[in-house]
Amino acid sequence: MLRAGKPTASKTEEEQKAEMQAWGAYMGELSQKGQFVGGLPLQSGGKTVSAGKTTDEAVTSAKEGIVGGYLIIKAENIDEATAIANACPHVANEGNVEVREIAPMPAM
């Protein structure tokens, strides 16, 4: 999960172009190695559903950073996934990447 990061509106056109080039190289490498499975950026708004209520906003925890997108990658283990995340351009953009394994669904 991609969290926080420097807002696009606060970057120069040159910074935005350089970031897009870095993302293109990163995603190209993941695709070439067969490691990219899926992922997308997320819209900034949303809803939060909890027991008994729904609010018209997504979770906005400034402490950890708002989730702005996600990537699903193939890796042999969490250490390899962490190394892949460490090369993500989002880290250089003052963001952080939360690395988690996808748990298998139990039989129902």
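**Close-up 1. P89 in helix α3.** P89 sits in helix α3; helices are DSSP runs of H or I with at least four residues, strands are runs of E with at least two, and both are numbered from the N terminus. The model is predicted: local features need pLDDT of at least 70, side-chain atom pairs count only at pLDDT 80 or more, and totals for chains, interfaces and linings use all residues. Residues are numbered from 1 along each chain as its sequence is written, and side-chain values use heavy atoms, with hydrogens and water left out. P89 is buried, because its relative accessibility is 10% (buried is under 20% relative accessible area, exposed over 50%, partly exposed in between; 1.4 Å probe, protein chains only). Leaving aside residues up to four places away in sequence, P89 touches A22, W23 and Y26 (contact: heavy atoms within 4.5 Å).

Close-up 2. E94 belongs to the loop between α3 (89-92) and β6 (95-97). Its phi is near 65°, a positive value in a residue other than glycine. Most residues other than glycine have a negative phi. E94 counts as exposed, because its relative accessibility is 61%.

Close-up 3. R3 and E98 form a salt bridge, with the closest N and O atoms 2.6 Å apart (a side-chain nitrogen of Lys or Arg within 4 Å of a carboxyl oxygen of Asp or Glu). R3 lies in strand β1 (residues 2-4) and E98 in the segment after β6, so the pair ties together parts 95 residues apart in sequence. R3 is buried at 16% relative accessible area. E98 is partly exposed at 25%. E98 also meets R100 in a salt bridge, at 3.3 Å from N to O. R100 is exposed, with 61% relative accessibility. Shared partners join R3, E98 and R100 into one network.

**Close-up 4. The E15 and K6 pair.** A salt bridge links E15 and K6, with 3.4 Å between the closest N and O atoms. E15 is partly exposed, at 34% relative accessible area. K6 is partly exposed too, at 24% relative accessibility. The salt bridge count comes to five.

**Close-up 5. The largest pocket.** About 760 Å³ of space lies in this pocket. Pockets come from a 1 Å grid over the protein atoms alone: a pocket is an open set of points where a 1.4 Å probe fits, with protein on both sides within 12 Å along at least five of seven lines, and lining residues have an atom within 4 Å of a point. Grid points are joined across faces, edges and corners, and the volume is the space filled by probe spheres set on them. The lining has 27 residues; T8, E19, P41, G68 and H90 lie nearest the centre. Elements giving two or more residues to this lining are β1, α1 (13-32), β2 (36-41) and β5 (67-73). The lining divides into 13 nonpolar, eleven polar and three charged residues (nonpolar: Ala, Val, Leu, Ile, Met, Phe, Trp, Tyr, Cys and Pro; charged: Asp, Glu, Lys and Arg; polar: the others, Gly among them).

**Close-up 6. The second largest pocket.** Its volume is about 530 Å³. Of its 21 lining residues, L71, I72, I73, V99 and R100 lie nearest the centre. β5 and α2 (78-86) each give two or more residues to the lining. The lining comprises 16 nonpolar, one polar and four charged residues.
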